[in-house]
Structures are given as C-alpha cells and as structure tokens.
Amino acid sequence: MKKTVLIVDDDMDYLFQMKIKVEQFGFETITADGQKEAEMIIETTRPDLAILDLMMENDDSGFILAYKIKRKYPDVPIIIATAVTAETGMTFDINSDENKQWIKADLFLDKGIRADQLQKEINKLLKI
Amino acid sequence: MAEYKILVVDDEPGIRMGTRRILQNFKVDYPFMDEHIEFVVLEAATGEDGIEIIDREMPDIILLDNKLPGIQGVEVLEYVKKKLYDIVVVMITSYASLELAVKATRDGAYDFIPKPFTPQELRGSIENITKQLFLKRMTQKMNKEGKLIRFQFLSVLSHELKAPINAIEGYVKMMNDRQFGDDMAAYQEMIDRMQERIKGMRSLIMDLLDLTKIESGKPVQHLESVNITGIAQISIDTMRPYSIQKDVDIYLNTKEKIMMDADPNEIEIIFNNLISNAVKYNRNGGRVDVFIESKKDAVVLQVSDSGIGMTDEEKARLFQDFVRIKNQKTKNITGSGLGLSILKKIVDMYHGEIDVQSVPDKGTTFTITIPVNAQT
C-alpha cells in the first residue's frame, strides 16, 4: 500500500508544487493550508510522514503542529521545511540538546531543496 | 568582568545547593563579548520569597521549579511577565510535566531544564541562556539606535520577495519538464498562478516605493490647500474596477468640498490603502462607506466596510511591517503586508490618530483624525 504524506504550508503554490513532487515519488498526499486545518486532519488521520512549513498563522505554527502530531502519533517522522534561517538569519538552534526535547521534528530542510535530495530524505525517514 | 545574578526558586535544598556549587567557578565567554561573564547564585525556597528577591535584587536569570509549597512556579513566571522585567525565566521540571513546560515556554519562559540534571547540562543551559541574554541586550541597544529594525525589515523583505520568485521558479521548472504532458489546462492554471504572484510582487514593490518616499524623510512636506473630498473620489475611481470584480459597492457619503493643508499624494495613499483594504476584506455584495468631516480643529476621514472584521488580537498587530492577518477567511487574499504600516507612518507625520473598530464577520471602521494647522 502506498504511504501517505501530510503536507502543510500556507503558500498555496508551494503546497501544490510539493504535493506534485511527493506524488511523483510514489506517495499518497494529504494537504492542509495551515496549522488549524492540519490539526483537524490529524484528529482522524494518521499520516506516515509529515512535511510542515514553519511560519503559518503564527511564527511557530510548524513547531506547535510538530509537537501535536508527535503527541498523537509518536512514530510519525516529521520534516520541517523552512526558508527562515537562510533568509532572515534567525536561528532556532534546533540541534541543541534542550531544544531537541521539545521541538519534535526529525529533520529540518531548506525549502529550496532539490527533488532528488528530498526523496532521499523522505525514504530514509520511512526506512524504505 | 561582568556578573549575572541567577535566582534559583526550588523547595528542594539539594537543587539550590547543587546549582550554587555547579555555577560557582563557571564563566561564559563569547567572541562578541569583550569580557567574560560570571555568576552569583541567589536562593529562594518558595515562590513568595522568590518574588521578594526578584523585586529587590533584579536577577538576570531565574531557574524556576513549578511545584512549590505556596504559589506555583507558573505564577512567579506570570508575575515576571506582568512586570515586564527583563529576566530570562527557565523552568526546572521533571520529564513527567513536559507538557506544562511546553505551556510555560509558550507563556514566556525561555526554556526548561529537565530535572534531575547533571552539572554539564546545567552549565550548558546557563551558557546558552547567558549568550542569548547578552545578545538580546545588545540587540535592544541596537534597537534604540534604529539599526536592528532596518536589519529585520530587510530580512523579512527579502523573504517576502523571495517567496513569489520561488513559486514562479517552481512552476517554470514544472512547465519546462512538461510535467503534465499535453494537458494545456494544467499549464494555464500555472500561468494564472504565476501572474497572480507577479502581481503580488509588483504591489509589494509599489508599497515599498511609497515607504521609501516616506522614510527618506523629506525635510519639508509639500503642503498645499487640497480638497479632501476630491481626493477620496479619485481614490474610489481608482478602486472601481477592483470593487466591481468583487461585487462591492463604494459610497462617498460626503459631497461638499473639505479643504485642508496637506500633501495630496499622501492623502491619496491614505485613501487608497483604506479603500482597497475595505474592498479586499469584504464579502461579495458588501459595501464600503467613505465619510469626511470637517471639525473645528481637525479633519476626520472614515472608511467602513461590511467585511470579515477582525478579532482584538488581530487588531493589535495591524500596523506592523509585513503583518498580514492570516486566517481561514483571508487565505486567498494577497497583499504586501505594508499598506497599513505606510498609512500609520503618514498619519504620524500629520500628528494624526487612527482608530479601528472591528467586529468579526460584521465589518471594520477606520477613523483617521488629522489635526488642522498642525506643524509637521
């Protein structure tokens, strides 16, 4: 059975393009255009992997969502795709031990990542 | 040598003593800092004692246990936040109350340290916090000098400009790869989206130009006696094609000439921003009402809409650069996020005031009061 990837982003173009890419890798996709919609989806659906934007309704929507997904489905790998660090110079120091404890993402990716790299990272997380 | 005061609020004497011992000879260096920072540890066994010490000693960092005999740690946190003290609060907590810690983090605690901690963990945390605090204070200093705002503005700006380019680039690549075979409708949709993003970018650039004009700080405004009603009419005419598209009617409820000394371009920017927002955030078939009133010592401009309205929380963020109120109702509306911050800057130049009344799903009214004969 095909694995399902949840993609959440408030930029509808990015969301669409990501959906097409991920479907080409051979996955099913569910999309949400923000934290609220994504929260509703995870109430009833367990994705096999989630790709989240960081800044949506709030600056930290991606983190909050990641936390909620992990609480409900601890085994679902989460990728946070962000352009924040590269463009604004704001860093979250996600690899520091303390932050690892509450920021529940498995991987942080730059939004400009190449499709083949993205596929490799997803496969690695899904142990394919 | 600089010295930071650390207050430990914990009812377990072991934790307090341990902290004191661990931080006794600890120093933090940072390439940015000219000097290293050492620590003095203060102790409190209850939240009440903690608050007393906070008021008296003004520590730099608080290590705060939540489970205390009297008031709880989160209440101490609330106190610090309410008083707007420049103190970094770190919750010390056991793993079992992780959820509480996350909540506290959201309520303004900087971080949390799980209990029990090793000396290395505590030192590591304190080192990070110290650096963070040092940077924050340096930042505040820069902020006062206006440097940081510029930096932040440019970083957010580059993000806002880059997002549409990324989107367009993505579509061009998909088209170039003929990803949808010969499904012309799919390509047409991509072209439409690209045009939409280009439009958004153009309006951002136009807004930026307005902003640059304002910020270049023209020493003297070009003031002349202008007919405010006439300018409102021009602005309404400009918005007409857009309002027809959205099926929104715009009414100019003031007919008589109202004269005022002002820069006509700036007054037009004010009306353009208010009216385009009133149309943009309206419902289909809605209306926009424009009123202008001449009072004894002020001219009042008012634009009301029957649109989606805002919550108080959204209202509070309205005039910041690049803030766009994001929710389900606005998700398909594009904008630069600069319009209202431009408006505010102009109104400030006239020493005017902006009042916003808004009810979700009912509508919003912007009232701008500009004193006449104000020296700018």
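How many bridges join strand β4 (residues 78-82) of chain A to β5(A), and in which sense do the two strands run? Four bridges join them, and the strands run parallel. Within this pairing, A:A81 stands opposite A:L109 of β5(A). The model is a predicted one.

**Chain A**

The mean pLDDT of chain A is 82, and 82% of its residues score at least 70. Residues 85-95 of chain A fall below 50, although this stretch has 18 contacts in the model beyond near neighbours in sequence. Where pLDDT is low, predicted coordinates should not be read in detail.

Six helices and five strands make up the secondary structure of chain A. Along the sequence they follow the pattern β-α-β-α-β-α-β-α-α-β-α. The five strands form an open sheet with parallel pairing, in the order β2-β1-β3-β4-β5 (chain A). Because β2 (28-32) and β5 (107-110) of chain A stand at the edges with a single partner strand each, one side of each is left without a neighbour in the sheet. Direction ignored, neighbouring strands of this sheet are turned by 20° against each other on average.

Helix α6 (residues 115-125) of chain A packs on this sheet and touches β3 (49-53), β4 and β5 of chain A. The direction of α6(A) makes about 170° with that of β5(A).

Helix α1 (residues 12-24) of chain A has 13 residues, so at 1.5 Å a residue it should span 18 Å; its end C-alpha atoms are 18 Å apart, which agrees. Buried residues of α1(A) include A:D13, A:L15, A:F16 and A:Q17, as well as A:M18, A:K21 and A:V22. After α1(A) comes A:G26, with a positive phi near 100°.

Of the 128 residues in chain A, 37% are buried. Among contacts in chain A with a separation of 6 or more, 64% are between residues 24 or more positions apart.

**Chain B**

Chain B has an open sheet of six strands with mixed pairing, in the order β2-β3-β1-β4-β5-β6. Its edge strands, β2 (27-28) and β6 (111-115) of chain B, each pair on one side only. Eight bridges link β1 (residues 2-9) and β3 (residues 37-44) of chain B in the parallel sense, and B:E3 stands opposite B:E38 in β3(B).

| Helix | Strands crossed | Angle |

**Nonpolar cores**

The largest nonpolar core has 33 residues; B:I228, B:I270, B:F271, B:L274, B:I275, B:V288 and B:V303 touch the most other members. Elements that each supply at least two residues of this core include α7 (184-215), α8 (228-245), β9 (259-262), β10 (287-294) and β13 (363-371) of chain B. Helix α9(B) gives the largest share, eight residues.

Not counting residues up to four places away in sequence, B:I228 touches B:I258, B:M260, B:I267, B:I292 and B:V299. Another core, of 30 residues, lies apart from the largest one; B:I54, B:L64, B:V90 and B:I92 are among its members. In soluble globular proteins, nonpolar side chains tend to be buried together.

Notes:
Residues numbered from 1 in each chain as written. Chains lettered and ligands numbered in written order. Predicted model: local features only at pLDDT ≥ 70, side-chain atom pairs only at ≥ 80, totals over all residues. pLDDT = per-residue confidence, 0-100. Contact = placed C-beta atoms within 7 Å. Pairing = 2+ DSSP bridges. Axes fitted to C-alpha atoms, helices over the stretch in contact; angles between N-to-C directions. Core = buried A, V, L, I, M, F, W, Y, C linked by C-beta atoms within 7 Å. Buried ≥ 20, exposed ≤ 12 C-beta atoms within 10 Å, placed from the backbone. Expected span 1.5 Å × (residues − 1).
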